[in-house]
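Keep the sequence and the structure in view while reading.

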Amino acid sequence: MATKDRTLEIEGNKLTLLPTGPQRFDALIRLIDEAKTSLRLLYYIYTADKSGAAVRSALLRAMDRGVAVSLLIDAFGSSDTRETYFRELSNRGAKFCRFNPSYGRSYLLRNHQKLALADGETKNPTIIIGGFNIEDSYFGDFSDKAWRDIGLVLTGPAAARVVPYYDALIGWALNRRSRLKTLRAVVRRFSEHDGPLQWQYGGPMQLKSPWALSTIRDLSAANDLEMIAAYFAPMGGMLRRISDIARRGRARVITASKSDNRATIDAARSTYGRLLRRGVKVFEYQPVKLHSKLLVMDDVVHIGSSNFDLRSLYLNMEMMLRVRHPDFAIMMRSYFEHELGNCAEITPAVLKRSGWFQRLRWKIGWFLVTSLDYTVTRRLAWRVP
């Protein structure tokens, strides 16, 4: 996509798509280097590699300018990065915390969100969201065999509305006596339901999360669906809604052919037969590992951190931006069409060539991803106070 085709203004907010790894890295470092008052960062994975060092150095430079810095990372996703790696930030006054560091029953609950927010208290704040983490493999290109991902820069008043959510979240994480019911209240309180730009969050709810409910409503009303789901393993109700869109109009889904977890690919493939029989077009992304998360439903777009599996829909802490605007939907549908050029279509004929052993492996993958992982973690979320 050309640069001019990646930017759109909606009600005083400038939205710019970041389709490549180098673009995402440059935008993140630029956001940190240009921050004037504050920086709030939240990432599932923060790795002590070249990219991690560059971000850390940029944060230290920002602190030299008097910028207040907060960094929240997930204890599970960033478990390989030692506490000492962030010590200089902490010693110089940055607010630093790992989300949910306890090895108790709540350890499997994960903060899967990704965001970098600059100058949230000013008239012109900027936020970067998407599916990418702080790690070299998210900032490369095809030649690097990096993850294929997507990011979005938003500059304008909508970015400021994330500030109270982030502050409540890091406050919860810093308090070792915090309770899950408080976290659920944060998710409900700050999820938005009106306007063309809505921040919607997910978490370990006892019922469906605000983002899951919004997704259900949008799928139920749509006649045209384009979805890119790196991890695709929804249950029957979601599969039925996708199939209903194909019956009413058109439904196309891109999933991964390469990933870091074979079981997630097998789980997705176990759904193909049902989708194809009901008219859904299914494609697998070929060149590199897929990590993108995108839904385009008529004039509505969901973009952010959430995968389309049970853990992301109902358990993980997730952050999605819901945009209702026909021009933005056209822009993101154009991105989807571009990604189709790197996909192989899965037809009934292709599916028939799969042997019994492959189909058995798919069913095992489905069990591991949807039943075992989901059931164990779901029970934890219900039982932890």
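## Two loop residues

D119 lies in the loop between β6 (115–118) and β7 (126–130); strands (E, at least two residues) and helices (H or I, at least four) are DSSP runs, numbered from the N terminus. This is a predicted model, in which local features need pLDDT of at least 70, side-chain atom pairs count only at pLDDT 80 or more, and totals for chains, interfaces and linings use all residues. Residues are numbered from 1 along each chain as its sequence is written, and side-chain values use heavy atoms, with hydrogens and water left out.

Most residues other than glycine have a negative phi. D119, not a glycine, has a positive phi of about 55°. Is D119 buried or exposed? D119 counts as buried because its relative accessibility is 8% (buried means under 20% relative accessible area, exposed over 50%, partly exposed in between; 1.4 Å probe, protein chains only).

E11 is in the loop between β1 (7–10) and β2 (13–18). E11 also has a positive phi, about 50°, without being a glycine. Its relative accessibility is 63%, so E11 counts as exposed.

## Nonpolar cores

The largest nonpolar core has 97 residues (a set of buried Ala, Val, Leu, Ile, Met, Phe, Trp, Tyr and Cys residues joined through side-chain atoms within 4.5 Å). Among those with the most contacts inside this core are W199, F328 and M332. A second, separate core of 34 residues includes A268, V280, L310 and I346.

## A residue in a helix

L368 is found in helix α14 (residues 356–383). With a relative accessible area of 36%, L368 is partly exposed.
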